[in-house]
Amino acid sequence: TSIALSPDRKQLVTTSWLRVRFWERDENQNWIVVDELPLSAERACYSPDGKVVVTSHYDHLIRFWDRNTRRQVKRLIHQPVVSSIGFSQDGSMFSSGSVNETLKTWSMRETKKPQPVLISVQGRLGIGSANNIVAVSGPDHGVLIWNPETGTQKKLTGCHTDIVVDLAFSPDGKSVATASLDGTFALWDVSSGRVKQEFPRQ
């Protein structure tokens with residue numbers, strides 16, 4: 001299950017084993033269900049412009065929906081179940097991470113069916129914003145920074161003692177924050193690969 005908030009904060013999407021629900025605020029500013037799709041889904045996210053909602057499903061499909069009409073406008077395939085999805089900030093790149101430890105990055109600029117760049121790695125993914133880079137947590141308790149266009153990779157390691165379970169980029173893409181299963185947090189400089197600040201276990 002997951003929840004995603006639109007960029008304008010006027011709509012929510014929730015996913016579950018039973019359905020995908022779209023929520024909007026009523027006149028009293030309470031969230032109410034305005035539509036639902038009878039589909040089992042794992043993850044959801046919005047495109048940066050807020051016009052498209054993306055959901056990943058247990059049938060190996062990634063579906064793109066028009067936010068307002070709730071009509072499907074595109075779909076991609078990534079087997080098996082996709083556990084993470086996300087856009088780059090400019091919307092030109094979309095990435096999906098599967099439970100079989102593969103990451104696909106798709107160009108959204110193509111008018112035909114997009115073809116992915118594939119990399120095998122373990123963990124969750126985050127999408128860089130400034131240079132269209134992707135970050136994924138790896139099996140060595142660190143993070144792999146990857147540029148799909150050039151193929152260059154960089155590892156951020158030496159801080160956590162257990163797997164990184166979540167991560168997020170700063171708006172300018174120059175820093176990435178990580179949260180580990182060991183209870184610690186860290187803020188990294190993407191360019192140098194060094195830790196800027198460590199947050200010990202609370």
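Mentor: Let's start with a term: a residue is called buried if its relative accessible area is under 20%. Keep in mind that the structure above is a predicted model.

Trainee: Thanks! Is Ser83 buried or exposed?

Mentor: Ser83 has a relative accessibility of 19%, so it counts as buried. You will find Ser83 in strand 9, which covers residues 82-87.

Trainee: Which residues does Ser83 touch, leaving out those up to four places away in sequence?

Mentor: Ser83 touches Glu42, Arg43, Gly97, Ser98 and Val99.

Trainee: How many helices and strands does the chain have?

Mentor: There are 20 strands and 0 helices. Of the 202 residues in the chain, 48% are buried.

Trainee: How should I read the side chains of a strand?

Mentor: Here is the general idea: in a regular strand, the side chains alternate between the two faces of the sheet. Now look at strand 15, residues 143-146. Val143 and Ile145 lie on one side, Leu144 and Trp146 lie on the other, and all of them are buried. Both faces of strand 15 are therefore covered, given that buried means under 20% relative accessible area.

Trainee: Which strands pair with strand 15?

Mentor: Strand 14 pairs with strand 15 in the antiparallel sense over 4 bridges, and Ser137 has Val143 of strand 15 as its bridge partner. Strand 16, residues 153-156, also pairs with strand 15 in the antiparallel sense over 4 bridges. There, Ile145 stands opposite Lys154.

Trainee: What do strand 15 and strand 16 form together?

Mentor: They form a hairpin, with 6 residues between the two strands. In the turn, Gly151 has a positive phi of about 80°.

Trainee: What about Ala135, is that residue buried or exposed?

Mentor: Ala135 is buried, with a relative accessible area of 0%. It belongs to strand 14, residues 134-137. The C-alpha atoms of Ala135 and Leu156 are separated by 9.8 Å, while the two residues are 21 residues apart along the chain.

Trainee: In what order do the strands of the open sheet come?

Mentor: The order is 17-18-19-20, so you can trace 4 strands with antiparallel pairing. Strand 17 (164-169) and strand 20 (195-199) stand at the edges; each has a single partner strand, so one side of each is left without a neighbour in the sheet. On average, neighbouring strands of this sheet are turned by 15° against each other, direction ignored.

Trainee: How many bridges join strand 18 to strand 19?

Mentor: Strand 18 (residues 175-180) and strand 19 (residues 185-189) are joined by 5 bridges and run antiparallel.

Trainee: How do I describe aromatic rings?

Mentor: A pair of aromatic rings is described by the distance of the centres and the angle of the planes. In this model the count comes to 4 aromatic pairs, and Phe64, Phe87 and Phe94 form one aromatic cluster.

Trainee: Which charged ends sit over the rings of Phe64 and Phe22?

Mentor: The charged end of Lys74 sits over the ring of Phe64, 5.5 Å from its centre. Over the ring of Phe22 sits the charged end of Arg70, 5.2 Å from the ring centre.

Trainee: And how many disulfides are found?

Mentor: A search of the whole structure finds 0 disulfides. Two cysteines to look up are Cys45, buried at 10% relative accessibility, and Cys159, buried with a relative accessible area of 15%.

Key: Residues are numbered from 1 along each chain as its sequence is written. This is a predicted model: local features need pLDDT of at least 70, side-chain atom pairs count only at pLDDT 80 or more; totals for chains, interfaces and linings use all residues. Side-chain values use heavy atoms; hydrogens and water are left out. Two strands pair if DSSP finds at least two bridges between them. Axes are lines fitted to C-alpha atoms, for helices over the stretch in contact, and angles run from 0 to 180 degrees between N-to-C directions. Rings of Phe, Tyr and Trp (its six-membered ring) pair if their centres lie within 6.5 Å; planes under 30 degrees apart count as stacked, over 60 as edge-to-face and the rest as tilted. A charge sits over a ring if NZ of Lys or CZ of Arg is within 6 Å of the ring centre and within 35 degrees of the ring normal. A disulfide is a pair of cysteine sulfur atoms within 2.5 Å. Buried means under 20% relative accessible area, exposed over 50%, partly exposed in between (1.4 Å probe, protein chains only). Contact means heavy atoms within 4.5 Å.
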